[in-house]
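Welcome! Take a moment to look over the sequence and the fold below, and then we will walk through a few parts together.

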Amino acid sequence: MESAYANPGTARLFLASGSTTRLGLLRDAGLEVMSCPVGIDEAVIRDRMRAEKRSHGAIALALADAKALGFFRKTDFMSADFVIAADQILECDGVGFDKPESLDQAREQLRHLRGRTHHLQTALVLYRNRQKLWEHLASPKLTFRDFSEAFLDTYIASEGDALLSCVGAYRLEGMGVQLFETIDGDHDAILGLPRLPLLAVLREYGVAKK
């Protein structure tokens, strides 16, 4: 059986995503990583698992798994390659929220979250040669303040269509921080990729230096 550990100079690291935020987090940490967007039918997976009453964390992990496996179907990979994939679902009062499809839907999501606490179920997996080596699930807790309609109008006008690429319709790294009253959890996990546990496992497998 082939070793899961990297040989210096042979292992390549890929991110099975087109997310510039996740790619930036990895590169800012000093990792040499290549982005490879993978298209999967997320709605089919979500709808099936929600019908099965699966947890939102389990759904996020399943979506991350699907992205990683989609990488191997899409690309000419080497057996030494390591693949990172991630996904995120917002959960509020037992209801899961996806990326809004329009600014009107974004507005309704933000109104629903106003004054309430929600969790970001953030899943992260590491694969090699179609085999899952590791998985991690973080669940930061965030509480919206009771913001005014005037602030909501200003926020949506300022962010525009950028909100359509964000689960829950907000970007914490921008003006969206003003939506919040309290935040409890790892900032990287909120942005969609908890780096510290990932870096630890990459060091274990020889991808990052000890």
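Two residues are in contact when they have heavy atoms within 4.5 Å of each other. Keep in mind that this is a predicted model.

**Partners of β5**
- Strand β3 (residues 82-92) runs antiparallel to β5, and 10 bridges join them. Here Glu91 stands opposite His119 in β5.
- Strand β7 (residues 141-144) is also antiparallel to β5, joined to it by three bridges. In this pairing, His118 faces Leu142 of β7.
- Strand β6 (residues 131-138) pairs with β5 in the antiparallel sense over seven bridges. Tyr127 has Lys132 in β6 as its bridge partner.
- The hairpin of β5 and β6 has two residues between the strands, and Asn129 takes a positive phi near 55° there.

**The largest nonpolar core**
- This core has 22 residues, and those that touch the most other members are Leu90, Leu110, Phe144, Tyr170 and Leu179.
- Elements giving two or more residues to the core are β3, α4 (103-113), β7 and α5 (149-159). The most come from α5, which gives four residues.
- What does Phe144 contact, leaving aside its neighbours within four places in sequence? Its contacts include Leu110, Leu113, His118, Tyr170, Leu179 and Phe180.

Definitions and conventions
Residues numbered from 1 in each chain as written. Predicted model: local features only at pLDDT ≥ 70, side-chain atom pairs only at ≥ 80, totals over all residues. Heavy atoms only, no water. Pairing = 2+ DSSP bridges. Core = buried A, V, L, I, M, F, W, Y, C linked by side-chain atoms within 4.5 Å. Buried < 20%, exposed > 50% of the residue type's maximum accessible area, 1.4 Å probe, protein only.
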